[in-house]
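Let's take a walk through this fold together, starting with its strands and ending with a few single residues. Keep the viewer open and follow along.

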Amino acid sequence: MSRLEGFPPVATPGAHTLILGSMPGAASLAAVEYYAHRRNLFWPILGEVLGIDPALPYAERTRRLADAGYALWDVLGACRRHGSLDSNIENDSIEVNDFATFFATHPSIDRVFCNGTTAEQCFRRHVLPALEGRFEFEIRRLPSTSPANASIPHAAKLAAWREIAR
């Protein structure tokens with residue numbers, strides 16, 4: 001199984017909110033775009049919550065997201081995984097992104113929203129202990145926008161994700 005590598009963060013220095021995934025799926029890695037799977041609800045939900053049209057070109061969507069003060073990244077910088085499911089990530093292959101540097105260069109971030117359970121668990125388990133309390137922010141888990149999380153209706157996901165706009 002080959003080693004998969006994630007993407008750099010989408011962020012401006014004045015970002016106030018960080019949205020974290022776990023690791024890009026196969027469609028995202030192939031397109032070199034966050035949340036590229038056509039059935040992933042991330043961009044449609046952000047369209048409804050933040051007014052960023054999901055039909056815009058990717059570069060324009062990410063620019064508008066960053067300009068609005070939102071940063072986008074993944075907990076994992078690299079791992080081994082078959083397919084796209086988080087449950088297939090090999091635990092002994094996890095390489096976490098450099099959050100100490102990220103938060104030091106983005107000191108205005110005071111909220112971290114995790115896109116799903118795996119993102120939250122990996123952040124709490126692998127990132128927070130290394131930060132040793134040097135940074136203060138609120139951490140919240142939101143329902144995953146992945147098509148694999150079909151048991152939660154769109155309306156419920158949308159209602160939960162509205163919290164990022166507060």
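## Strands and sheets

An open sheet here has 3 strands in the order β1-β4-β5, and their pairing is antiparallel. β1 (3-5) and β5 (95-96) stand at the edges with a single partner strand each, so one side of each is left without a neighbour in the sheet. Please keep in mind that this is a predicted model. Between β1 and strand β4 (residues 76-80), the antiparallel pairing runs over 3 bridges. To find this pairing in the viewer, look for Glu 5, whose bridge partner in β4 is Ala 78.

Another pairing to look at is that of β2 and β3, which is parallel and runs over 5 bridges. Here Gly 21 has Asp 74 as its bridge partner in β3. Strands of a sheet pair through backbone hydrogen bonds, either parallel or antiparallel.

β3 is mostly covered, with 5 of its 5 residues buried. In a regular strand the side chains alternate between the two faces of the sheet. Both faces of β3 are covered: Tyr 70, Leu 72 and Asp 74 are buried on one side, and Ala 71 and Trp 73 on the other.

In helix α6 (residues 154-161), the buried residues are Lys 157, Leu 158 and Trp 161. Seen down the axis of α6, these buried residues fall within an arc of 100 degrees, so they line one face of the helix. They pack against β2 (17-21), α2 (42-50), β6 (111-115) and β7 (138-142).

Turning to α2, its residues Phe 42, Trp 43, Ile 45, Leu 46, Gly 47 and Val 49 are buried. The cover over the buried residues of α2 includes β2, α3 (58-67), β3 (70-74), β6 and α6. After α2 comes Gly 51, which has a positive phi near 75 degrees.

## The nonpolar core

In soluble globular proteins, nonpolar side chains tend to be buried together. Which residues touch the most other members of the largest nonpolar core? Of its 45 residues, they are Leu 18, Phe 99, Phe 103, Val 112 and Phe 123.

## Aromatic rings

The structure holds 14 aromatic pairs. In one of them, the rings of Trp 43 and Tyr 58 have their planes at 85 degrees and their centres 6.2 Å apart, so the pair is edge-to-face. Trp 43 lies in helix α2 and Tyr 58 in helix α3, so the pair ties together parts that are 15 residues apart in sequence. Trp 73 and Phe 99 form another pair, which is tilted. This pair links distant parts of the chain, with Trp 73 in strand β3 and Phe 99 in helix α4 (residues 99-105), 26 residues apart.

Here are the two pairs side by side.

| Ring pair | Centre to centre | Angle between planes | Arrangement |
|---|---|---|---|
| Trp 43 and Tyr 58 | 6.2 Å | 85 degrees | edge-to-face |
| Trp 73 and Phe 99 | 4.8 Å | 50 degrees | tilted |

Are the members of these pairs buried or exposed? Trp 43 is buried at 3% relative accessibility, and Tyr 58 is buried with a relative accessible area of 16%. Trp 73 counts as buried at 6% relative accessibility, and Phe 99 is buried with a relative accessible area of 2%.

Ring pairs also link Phe 7, Tyr 34, Tyr 35, Phe 42, Trp 43, Tyr 58 and Trp 161 into a cluster.

Ser 28 is found in helix α1 (residues 26-31) and is buried, with a relative accessible area of 6%. Not counting residues up to four places away in sequence, Ser 28 touches Phe 7, Glu 33, Tyr 34, Tyr 35, Ala 36 and His 37.

Cys 122 lies in helix α5 (residues 117-131) and counts as buried at 7% relative accessibility. Beyond residues up to four places away in sequence, Cys 122 touches Val 75, Leu 76 and Val 127. From Cys 122 to Asp 74 the C-alpha to C-alpha distance is 9.9 Å, with the two residues 48 residues apart in sequence.

Methods. Residues numbered from 1 in each chain as written. Predicted model: local features only at pLDDT ≥ 70, side-chain atom pairs only at ≥ 80, totals over all residues. Heavy atoms only, no water. Buried < 20%, exposed > 50% of the residue type's maximum accessible area, 1.4 Å probe, protein only. Helix = DSSP H or I, 4+ residues; strand = E, 2+ residues; numbered from the N terminus. Arc of directions from axis to C-beta. Contact = heavy atoms within 4.5 Å. Core = buried A, V, L, I, M, F, W, Y, C linked by side-chain atoms within 4.5 Å. Pairing = 2+ DSSP bridges. Phe/Tyr/Trp six-rings, centres within 6.5 Å; stacked < 30°, edge-to-face > 60°.
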